[in-house]
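Let's take a walk through a protein fold, one piece at a time. Keep the picture open while you read.

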Amino acid sequence: MTNKVIFKNLKKLISINTYTPFSHFKVAVIIVTDKGNFPGINFESKVVTNLGTCAERNAVFNGVSYGMKRIYELHLLSTSKKAQTYPCGACLQVLSEFMKNNDKIYIYNPSGKIVKTFKLSDLISAAKIN
Ligand SMILES: [Zn+2]
């Protein structure tokens, strides 16, 4: 799947599938894995705050449900106008269990341009990385 196709799918996810009744801040992720690509969206509970989950962890849990053992890339789109959204510490810890130091995290802007590319180790240096 090319980055152009991945971005098209991220746009679809962010506009249709995210569930953010409080913040309306939307995040969509696609992970490229040994079992194919898996989507994730951020989720907020309408009833109880702090029951939400990030798009990154939703994608990982989705992949694990299908037997995924390895993540090669993570692609992220958010509604941040400055494309300043990165995986949080909890997500980085979970990602580090399936990604290696040099695996890439791509951050898209709303136009589909990759505006930042990180290695996992750029964002998390203290985790136990496989
Ligand atoms: Zn997170």
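## Getting your bearings

Before we start: helices (at least four residues) and strands (at least two) are DSSP runs, numbered from the N terminus. Keep in mind that what you're looking at is a predicted model.

So what does the chain contain? The protein chain has four helices and five strands. Reading from the N terminus, the elements go α-β-β-α-β-α-β-β-α. The radius of gyration of the protein chain is 14 Å, close to the 14 Å that the globule rule gives for 130 residues, so the chain is as compact as a globular protein of that length. If you boxed up the C-alpha atoms along the principal axes, you'd need roughly 35 × 30 × 25 Å.

## What's inside

Of the 130 residues in the protein chain, 36% are buried. Take the contacts between residues at least 6 apart in sequence: 59% of them join residues at least 24 apart.

The largest nonpolar core holds 32 residues, and Leu10, Ala28, Val29, Ile31, Leu76 and Leu95 touch the most other members. Which elements give two or more residues to this core? They are helix H1 (3-17), strand E1 (27-33), strand E2 (36-41), helix H2 (55-65), strand E3 (71-78), helix H3 (89-96) and strand E4 (104-108).

## Strand E1 and its partners

Now zoom in on E1. Six of the seven residues of E1 are buried, so this strand is largely enclosed by the rest of the structure. E1 pairs with E3 in the antiparallel sense over seven bridges, and Thr33 sits opposite Ile71 in E3. E1 also pairs with E2, again in the antiparallel sense, over six bridges. A hairpin of two residues takes you from E1 to E2.

Ile31 has Phe38 as its bridge partner in E2. Beyond its neighbours within four places in sequence, Ile31 is in contact with Asn37, Phe38, Ala59, Val60, Gly63, Ile71 and Leu74. Then there's Ile30, also in strand E1. Is Ile30 buried or exposed? The cut-off for buried is 20 or more other C-beta atoms within 10 Å; Ile30 has 24 C-beta neighbours inside 10 Å, so Ile30 counts as buried. Setting aside neighbours within four places in sequence, the contacts of Ile30 are Ile6, Asn9, Leu10, Asn37, Pro39, Ala59 and His75. Ile30 and Asn58 are 28 residues apart in sequence, with 10.0 Å between their C-alpha atoms.

In general, side chains in a regular strand alternate between the two faces of the sheet.

## Helix H2

What does H2 pack against? The buried residues of H2 pack against E1, E2, E3 and H3. In H2, those buried residues are Ala55, Glu56, Arg57, Asn58, Ala59, Val60 and Gly63. After H2 comes Gly67, which has a positive phi, near 90 degrees.

## Out in strand E5

Finally, look for Thr117, in strand E5 (residues 114-119). Thr117 has 11 C-beta neighbours inside 10 Å, so Thr117 counts as exposed.

Which residues does Thr117 contact, leaving aside neighbours within four places in sequence? They are Lys104 and Tyr106. As for Tyr19, Thr117 is 98 residues away from that residue in sequence and 26 Å away in space, C-alpha to C-alpha.

Notes
Residues numbered from 1 in each chain as written. Predicted model: local features only at pLDDT ≥ 70, side-chain atom pairs only at ≥ 80, totals over all residues. Rg over C-alpha atoms; globule rule 2.2 N^0.38 Å. Buried ≥ 20, exposed ≤ 12 C-beta atoms within 10 Å, placed from the backbone. Contact = placed C-beta atoms within 7 Å. Core = buried A, V, L, I, M, F, W, Y, C linked by C-beta atoms within 7 Å. Pairing = 2+ DSSP bridges.
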